[in-house]
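Here's a quick briefing to read with the model open beside you. Have a look at the fold first, then work through the points.

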Amino acid sequence: MIDLHCHILPGVDDGAEDLSASIRMAKEAVRQGIHTIVATPHHLNNQYENPKQTVIERVAELNQALVKEKIDLKILPGQETRIYGELVEGFESGEILAVNESQYVLVEFSSSHVPRYTEKLFYDLQMQGLIPVIVHPERNQQIIEQPEILYQLVKKGALTQVTAASVFGGFGKKIKGFTLQLIEANLTHFIASDAHNTTNRTFMMSDAFGVIQEKYGNEMVYLFEENAALVIEGSRVYKEVPERIKKKKFFKIF
Ligand code: FE
């Protein structure tokens with residue numbers, strides 16, 4: 001398996017605090033069946049700044065450490081960028097790093113809302129040949145309340161990544177239910193761990209794919225796995241026509 005979103009780099013954000021924590025995460029990832037991880041430290045979220053060049057250097061160091069520890073895991077460079085108005089300029093100036101230097105840029109919203117300028121910004125990104133990938137939309141309050149916002153963004157070319165723990169139920173039943181609705185409505189394209197450690201924010205990738213297989217069969221598992229592989233090689237991913245989520249279904253009171 002490939003994991004597109006993981007805070008495994010040591011000491012750069014709220015993920016692995018030092019190299020030994022990174023090594024623990026690496027061992028757990030291998031145990032889950034992951035062979036490639038895109039390291040995606042936070043950028044411009046709270047106090048964290050991890051511009052492109054820094055990430056590339058840190059990834060090289062971690063790969064060396066993994067070889068030394070004889071852990072069969074490959075780390076690729078990436079970044080989880082908090083949305084901001086000058087994202088296109090940030091890319092042009094060499095600060096923003098797409099997944100493995102492809103055209104796919106992981107974009108994070110705050111947990112509460114989606115900025116009004118998002119649609120325009122995503123349009124501008126795509127005009128530059130970049131494809132925004134919205135990370136964990138299932139955990140954004142405004143998207144939960146108004147899934148139409150996500151539908152419109154996906155319809156206009158954005159991709160999305162749900163978190164493995166959300167699929168498995170690690171963030172509660174409500175988030176799990178909404179995540180499955182996103183999958184069923186073709187509103188998500190990737191499953192990734194967003195792991196920060198090996199305790200309360202761990203990988204849960206094999207657990208999530210267990211749920212996917214049970215509910216939707218092997219074909220869906222294959223689709224998500226294949227999409228992750230296509231992203232890291234910079235190829236076009238599989239997309240089905242997105243559908244609207246019927247809000248009342250999700251908020252129905254029993
Ligand atoms: Fe993250």
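This is a predicted model: local features need pLDDT of at least 70, side-chain atom pairs count only at pLDDT 80 or more; totals for chains, interfaces and linings use all residues.

Residues are numbered from 1 along each chain as its sequence is written, and side-chain values use heavy atoms, with hydrogens and water left out.

**Overall shape**
- The protein chain has 11 helices and 9 strands, taken as DSSP runs (helices H or I, at least four residues; strands E, at least two) and numbered from the N terminus.
- Along the principal axes, the C-alpha atoms fill a box of roughly 55 × 40 × 30 Å.
- Among contacts (heavy atoms within 4.5 Å) with a separation of 6 or more, 76% join residues 24 or more positions apart.

**Burial and cores**
- Of the 254 residues, 54% count as buried, meaning under 20% relative accessible area, with exposed over 50% and partly exposed in between (1.4 Å probe, protein chains only).
- A nonpolar core here is a set of buried Ala, Val, Leu, Ile, Met, Phe, Trp, Tyr and Cys residues joined through side-chain atoms within 4.5 Å.
- The largest such core has 66 residues, and I8, I37, L73, I75, F122, I191 and F203 touch the most other members.
- Beyond its neighbours within four places in sequence, I75 is in contact with I8, I37, A39, V59, L62, N63 and L66.
- A second, separate core of 17 residues includes L76, Y104, L159 and V231.

**Helix α6**
- Helix α6 spans residues 147–155, and P147, L150, Y151, Q152, L153 and V154 are buried in it.
- The cover over those buried residues includes helices α4 (118–127), α5 (141–145) and α8 (173–184), plus strands β7 (131–135) and β8 (159–163).

**An exposed glutamate**
- Where is E214 found? E214 belongs to helix α9 (residues 205–216).
- E214 counts as exposed because its relative accessibility is 73%.
- E214 and E95 lie 119 residues apart along the chain, and their C-alpha atoms are separated by 41 Å.
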